[in-house]
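Here are my notes on this model, written as numbered points. Keep the picture open beside you and find each piece as it comes up.

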Amino acid sequence: MHLTVVSSLDSQCREAATARLGRTHGNSVVVLHDLLDGSLVLRRVYRGGQLFERETTVLEHGCLSCTVRLDVVPTAERLAACGFDHVVLGLPPGVAAGMAVAELRRGLSRPAVMDNAVLAMDPADLDDHIWDRHTLFESGFTSMPQDERTSGEFLIGEFGQVDTVMVSPGLGAVLTGDPREGSEAWLLGLELLGQLAPHANVVGSAGEFRPGCFDDAEAAARNRPGVVRVPLSETPGSFRTVLHKTGRPLHPGRFRDALPQLAIGTHWLRGRLWIASAPTRRIAVQGIGPRVWLESTGNWLADSAGSGPGEGAAGKAGADVDAFLDWHPRHGDRGTVLAITGRSEDIDPTEIRELLDGCQLTEAEMKLDFGVWDDPLELSDAL
């Protein structure tokens with residue numbers, strides 16, 4: 001059995017993508033799940049574009065993960081038993097593809113090949129999604145009041161997980177008759193998408209879809225907090241990504257003062273920090289639109305017992321490939337790596353590099369014991 005999962009925030013984009021994916025195999029079936037108010041799950045199953053099953057189920061504890069575990073996975077199992085070669089699963093809006101893939105791996109009783117993880121979206125909405133301060137519940141994307149993710153957080157997470165982004169006009173465009181495809185907002189969204197998901201195959205109505213290119217290990221590596229992936233080449237345009245690395249620990253006070261300046265106006269800030277007040281801890285930083293946060297991801301590999309650049313499996317799912325690629329003979333994998341994506345007029349590479357370089361410990365400060373830095377950054381607070 002072959003599986004394709006489709007995540008989205010827009011039901012119109014999801015249905016356009018699943019309909020197309022349902023035609024990529026000869027014996028395919030398409031399933032659309034929606035979690036409605038009152039813990040009600042609506043399931044629709046299509047074959048050849050025709051609806052042949054429509055059922056509703058009330059969950060005892062209605063949530064997105066329960067919907068996947070208690071309805072999406074059993075439905076995939078049942079359809080596989082019916083002899084379908086390919087099942088396309090259109091997930092409820094807001095369900096992360098990675099969570100669905102993990103539940104399918106865990107819950108299916110028969111072997112399955114994960115063909116693709118696909119995000120369906122309208123690129124004209126991307127910029128607004130990144131800067132939206134509302135939660136998914138407040139914006140009406142999910143029926144769960146406790147879902148505090150923003151649309152930008154959901155999309156950035158999906159960009160790391162999926163291998164393909166299918167673009168089409170969203171529900172708002174269809175309802176208003178807005179011919180978005182090819183508009184300035186559409187083209188700007190595609191350009192921004194290329195900066196935020198440089199690895200993904202972006203497929204429009206006339207684009208070529210590449211089946212069978214999902215890679216568990218690569219998806220896990222991209223999604224590891226603190227990992228940085230940037231476009232292979234920079235072409236002049238409306239958006240740019242600036243990458244900068246520093247080799248000495250950062251002064252916690254100076255970095256705290258610099259972080260708002262680094263983050264302002266940026267669509268996506270991400271990377272890992274070597275902070276003098278926590279020298280053995282690998283600190284991940286991420287900023288998506290108006291939100292910025294730090295988190296500890298454990299010790300640096302160089303500070304882990306018995307670890308080194310030649311140990312561990314670089315091809316293992318979630319492995320820290322960057323540690324192997326960036327290993328320094330003296331510092332190991334310790335160091336600061338930061339990437340910032342935003343509008344070209346808002347992102348000044350020289351200013352970013354000067355700010356970060358100015359946060360490094362001076363030669364005189366490097367001679368002090370790291371224990372003197374009693375000004376640790378708060379890791380859980382969003383700016």
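1. First, a definition: two strands pair if DSSP finds at least two bridges between them. Helices (H or I, at least four residues) and strands (E, at least two) are DSSP runs, numbered from the N terminus. With that in hand, look for the open sheet of five strands, ordered S9-S13-S10-S11-S12 with antiparallel pairing. Its edge strands are S9 (239–246) and S12 (291–299), and each of these pairs on one side only.

2. A word on the source. This is a predicted model, where local features need pLDDT of at least 70 and side-chain atom pairs count only at pLDDT 80 or more, while totals for chains, interfaces and linings use all residues. Residues are numbered from 1 along each chain as its sequence is written, and side-chain values use heavy atoms, with hydrogens and water left out.

3. Back to the five-stranded sheet. For angles, axes are lines fitted to C-alpha atoms (for helices over the stretch in contact), and angles run from 0 to 180 degrees between N-to-C directions. On average, neighbouring strands here are turned by 10° against each other, direction ignored. Zoom in on S10 (residues 266–273) and S11 (residues 281–288): they pair in the antiparallel sense over six bridges. Leu-269 stands opposite Gly-287 in S11.

4. Which helices pack on this sheet? H9 does, touching S10, S11, S12 and S13 (336–343), and its direction makes about 145° with that of S10. H11 packs on the sheet too, touching S9 and S13, at about 25° to the direction of S9. Contact here means heavy atoms within 4.5 Å.

5. Those two helices also meet. The axes of H9 (residues 252–263) and H11 (residues 349–359) come within 9 Å and cross at roughly 165°. The two are therefore roughly antiparallel (angles under 35 degrees count as roughly parallel, over 145 as roughly antiparallel, 65 to 115 as roughly perpendicular and the rest as oblique). The contact is made by Arg-254, Phe-255, Ala-258, Gln-261 and Leu-262 of H9, with Ile-352, Leu-355, Leu-356, Gly-358 and Cys-359 on the H11 side. By class, that gives seven nonpolar, two polar and one charged (Ala, Val, Leu, Ile, Met, Phe, Trp, Tyr, Cys and Pro count as nonpolar, Asp, Glu, Lys and Arg as charged, and the others, Gly among them, as polar).

6. Now the other sheet. It is open, has eight strands in the order S4-S3-S2-S5-S1-S6-S7-S8, and its pairing is mixed. S4 (50–58) and S8 (201–203) are the edge strands, each pairing on one side only. Neighbours are turned by 20° on average, direction ignored. S1 (residues 2–8) and S5 (residues 86–90) pair in the parallel sense over five bridges, and Val-5 stands opposite Leu-89 in S5.

7. Is H5 mostly covered or mostly open? Ten of the eleven residues of H5 (residues 151–161) are buried, among them Phe-154, Leu-155, Glu-158 and Phe-159. Buried means under 20% relative accessible area, exposed over 50%, and partly exposed in between (1.4 Å probe, protein chains only). H5 lies across S1, S6 (113–121) and S7 (164–167), running at about 145° to S6.

8. H5 has a helix partner as well: it packs with H8 (residues 216–223) at an angle of about 140°, with axes 7 Å apart. Gly-157, Phe-159, Gly-160 and Gln-161 of H5 meet Ala-219, Arg-222 and Asn-223 of H8. This contact has two nonpolar, four polar and one charged residues.
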